[in-house]
Amino acid sequence: MMTIYGVVGYPVEHSLSPVMHNAAFKALDMDCAYHKFEVKGEHLQDAILGARHLGFGGLNVTIPHKEAAIRIIEPDRTALEIGAANTLDFRQMKAFNTDAAGAIDALRDSGVELDNKGVLVLGAGGAARAVVYGLAKAGATVTIANRTTAKAADLAAYMRSFGSVFGTSLDSLGEKVRAVDVIINTTPVGMGWEDKPMVTRDMLDRSQTVFDLVYKPLETPLLREARAAGARTVDGLSMLARQGARSFEIWTGVKPPVDIMERSARDAL
Ligand code: ATR
């Protein structure tokens, strides 16, 4: 019998996960299908438990449900420490977070080493939590710079249990950018066509890597600045495909072709 997977979110209409996972199922000739399900917060628990009892293999959980998910399905250690899950596996009845590892995989697959490297993370919201956790565990020295400085300080204080993490404001950003090897944007800045990037080409050089979690547009204004400065760039689809590949492996035990997943998402975009 066909095994069903899916993503629950609100909104979820523009999710690229169905395209990616269905491309992998097809490439591997697996009798599985992946759908998207728009679910409001007040129905999240019913939807998740219903999917489980209907015999689904698992679910991805996206915005705004990632934090609530770990109160419905028991999280593994990583999801518990991050405080959010994006992958539910109904065979193991466990909630996982593949966002942190997906971000680290995207950097490593681009040739970026993180151990003992300096990383500046812009933003201190939900996306930053997973990324900072992954970086801290990978041995990077992380500086979180946020518009609301207190949020950067709070997140840094929490993440210091897992590695070397500091919090700061967005003031004198040029100096902060020049002091690190890798700059990562976890804020929504860049999604809007008129958004001005916080980091500009004059702050960057060729030795640095700039990674933007935003994938729509694929080349954000920030990545354009990075390219103009000759810096290495990593885009948000690279991470999206890799967090998806890790979910796929949790569910099926099979390592999917991440290149096929990534290409299908790029084509769909
Ligand atoms: P997500 O879950 O996607 O990370 P979030 O939790 O709402 O979303 O966090 C958004 C982050 O982007 C926050 O760090 C926010 O800064 P504040 O904490 O000061 O609100 C940051 N952010 C959003 N819009 C921004 C802007 N125009 N300039 C700078 N930072 C911005």
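## Helix 1 and helix 11

The crossing of helix 1 and helix 11 is of the right-handed kind, a crossing being left-handed if the near helix is turned anticlockwise from the far one by less than a right angle, and right-handed if clockwise. The structure is a predicted model, in which local features need pLDDT of at least 70, side-chain atom pairs count only at pLDDT 80 or more, and totals for chains, interfaces and linings use all residues. Residues are numbered from 1 along each chain as its sequence is written, and side-chain values use heavy atoms, with hydrogens and water left out. Helices (H or I, at least four residues) and strands (E, at least two) are DSSP runs, numbered from the N terminus.

The axes of helix 1 and helix 11 (residues 258-268) cross at roughly 135° and come within 8 Å. Axes are lines fitted to C-alpha atoms, for helices over the stretch in contact, and angles run from 0 to 180 degrees between N-to-C directions. Helix 1 is therefore oblique to helix 11; angles under 35 degrees count as roughly parallel, over 145 as roughly antiparallel, 65 to 115 as roughly perpendicular and the rest as oblique. Helix 1 contributes Val19, Met20, His21, Ala23, Ala24 and Ala27 to the contact, and helix 11 contributes Ile260, Met261, Ser264, Ala265 and Ala268, where contact means heavy atoms within 4.5 Å. By class, the contact of helix 1 with helix 11 has 9 nonpolar residues, 2 polar residues and no charged residues. Ala, Val, Leu, Ile, Met, Phe, Trp, Tyr, Cys and Pro count as nonpolar, Asp, Glu, Lys and Arg as charged, and the others, Gly among them, as polar.

## Helix 1 and helix 10

Helix 1 (residues 17-27) also packs with helix 10, at an angle of about 50° and with the axes 10 Å apart. Helix 1 is therefore oblique to helix 10, and the crossing is right-handed.

From helix 1, Met20, His21, Ala24 and Phe25 meet Leu240, Ala241, Gln243, Gly244, Ser247, Phe248, Trp251 and Thr252 of helix 10. The contact of helix 1 with helix 10 comprises 7 nonpolar residues, 5 polar residues and no charged residues.

## Helix 5 and helix 10

Helix 5 (residues 99-109) and helix 10 (residues 236-252) have axes that come within 8 Å and cross at roughly 125°. Helix 5 is therefore oblique to helix 10, and passes helix 10 in a right-handed crossing.

On helix 5, the contact is made by Asp99, Ala101, Gly102, Ala103, Asp105, Ala106 and Asp109; on helix 10, by Ser238, Met239, Arg242, Gln243 and Arg246. The contact of helix 5 with helix 10 has 4 nonpolar, 3 polar and 5 charged residues.

Isoleucine 250 is placed in helix 10. Apart from neighbours within four places in sequence, isoleucine 250 is in contact with Thr87, Asp89, Arg91, Gln92, Phe96 and Thr98. The C-alpha atom of isoleucine 250 is separated by 9.0 Å from that of leucine 88, and the two residues are 162 residues apart along the chain.

## Ligand surroundings

The ligand is surrounded by 13 residues, the closest being Ala124, Ala127, Asn146, Arg147 and Thr148; a residue is near a molecule if one of its heavy atoms lies within 4 Å of it.

A polar side-chain atom of asparagine 146 lies 2.7 Å from an oxygen atom of the ligand. For arginine 147, an N or O atom in the side chain is 2.9 Å from a ligand oxygen atom. Glycine 126 has a polar backbone atom 3.1 Å from an oxygen atom of the ligand.

## Backbone features in loops

Most residues other than glycine have a negative phi, and most peptide bonds are trans. The peptide bond from tyrosine 10 to proline 11 is cis, with omega near 0°, and proline 11 is placed in the loop between strand 1 (3-9) and helix 1. The bond from isoleucine 63 to proline 64 is likewise cis, with omega near 10°; proline 64 lies in the loop between strand 3 (58-61) and helix 3 (66-69).

Methionine 93 is not a glycine, yet has a positive phi of about 50°. Methionine 93 is placed in the loop between strand 4 (87-89) and strand 5 (94-96).

Notes
Polar contact = N/O pair within 3.5 Å; in protein donor to acceptor, adjacent residues only side chain to side chain.
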